[in-house]
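Welcome, and please load the model in your viewer. We will go from stop to stop, with something to select at each one.

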Amino acid sequence: LNVCKYVVAYMDRTFVFRWRAVRKGLPKPTQFFLSHRTGRPVKRASISRWLREVLALAGIDMGTFGPGSTRGASASAAARRGATAVQIMKAGSWSNLGTFQRFYQRTVDDTPVGRLILQESTVSVLV
């Protein structure tokens, strides 16, 4: 993922809104996220909602993680899916795996897959 590339593309797409404000004599919007409809700064609640939706679509348990914990949520999900310690440290810019393990890693037992596995084992025991 080339973040710089996407930031530049976003800035190009929102340039019209920023320029329009300056032409009207208004202060140039200093916020990074602007509405594609109005050109006005996006509210904190909207960004939070977007993050919750993306985390949920990625299969992150929203009961354990919230919009403010995307770093820990994504790293924990990667660990559960088999990412190596080196991959996790690199992606999270951690120099010490203990930092991730102590402050960010969360175990999530009550997931749909976990429930299906438990349900399957219960059925097998009963048969």
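Which helix gives the most to the nonpolar patch? Helix 1 does, with three residues. Before we select anything, a word on the model: it is predicted, so local features need pLDDT of at least 70 and side-chain atom pairs count only at pLDDT 80 or more, while totals for chains, interfaces and linings use all residues. Residues are numbered from 1 along each chain as its sequence is written, and side-chain values use heavy atoms, with hydrogens and water left out.

**The whole chain**

Start with a cartoon view. The protein chain has six helices and zero strands, where helices (H or I, at least four residues) and strands (E, at least two) are DSSP runs numbered from the N terminus. Read from the N terminus, the order is α-α-α-α-α-α.

Of the 127 residues, 20% count as buried. Here buried means under 20% relative accessible area, exposed means over 50%, and partly exposed is in between (1.4 Å probe, protein chains only). Among contacts between residues at least 6 apart in sequence, 22% join residues at least 24 apart, a contact being heavy atoms within 4.5 Å.

**Stop one: the nonpolar patch**

Select V3, V7, M11, F32, F33 and W50, which make a nonpolar surface patch of about 500 Å². Like charges are joined within 9 Å, and nonpolar side chains (Val, Leu, Ile, Met, Phe, Trp, Tyr) within 5 Å. V3 is found in helix 1.

**Stop two: the aromatic rings**

Keep F32 and F33 selected and show their side chains. How many aromatic pairs does a search of the whole structure find? The search finds four. In one of them, the ring centres of F32 and F33 are 4.9 Å apart and the planes stand at 75 degrees, so this pair is edge-to-face. The rings of Phe, Tyr and Trp (its six-membered ring) pair if their centres lie within 6.5 Å; planes under 30 degrees apart count as stacked, over 60 as edge-to-face and the rest as tilted. F32 is partly exposed at 35% relative accessible area, and F33 is partly exposed as well, at 36%.

Next, select R18 in helix 1. Is R18 buried or exposed? R18 counts as buried because its relative accessibility is 8%. Leaving out residues up to four places away in sequence, R18 touches Y10, M11, K28, P29, Q31, F32 and L34. A polar atom of the R18 side chain lies 3.1 Å from the backbone oxygen of Q31. For a distance across the chain, pick the C-alpha atoms of R18 and R40: these residues are 22 apart in sequence and 8.9 Å apart in space.

T14 is also in helix 1 and is buried, with a relative accessible area of 4%.

**Stop four: the loop with S35**

Move to the loop between helix 1 (3–23) and helix 2 (44–57), where S35 has its place. S35 counts as buried because its relative accessibility is 19%. The S35 side chain reaches the backbone nitrogen of T38 at 3.3 Å. Beyond its neighbours within four places in sequence, S35 is in contact with F17, R40 and V42.

**Stop five: helix 3**

Finally, select residues 70–80, which make up helix 3; G72, A73, A75, S76 and A77 are buried there. R80, also in helix 3, is partly exposed at 42% relative accessible area. The C-alpha atoms of R80 and Q105 are 9.8 Å apart, and the two residues are 25 apart along the chain. After helix 3 comes G82, which has a positive phi near 100 degrees.

How values were computed. Polar contact = N/O pair within 3.5 Å; in protein donor to acceptor, adjacent residues only side chain to side chain. Patch = residues over 30% accessible without salt bridge, like charges linked within 9 Å, V, L, I, M, F, W, Y side chains within 5 Å. Areas by Shrake-Rupley, 256 points an atom, 1.4 Å probe, with all protein chains shown as cover. Salt bridge = Lys/Arg side-chain N within 4 Å of Asp/Glu carboxyl O.
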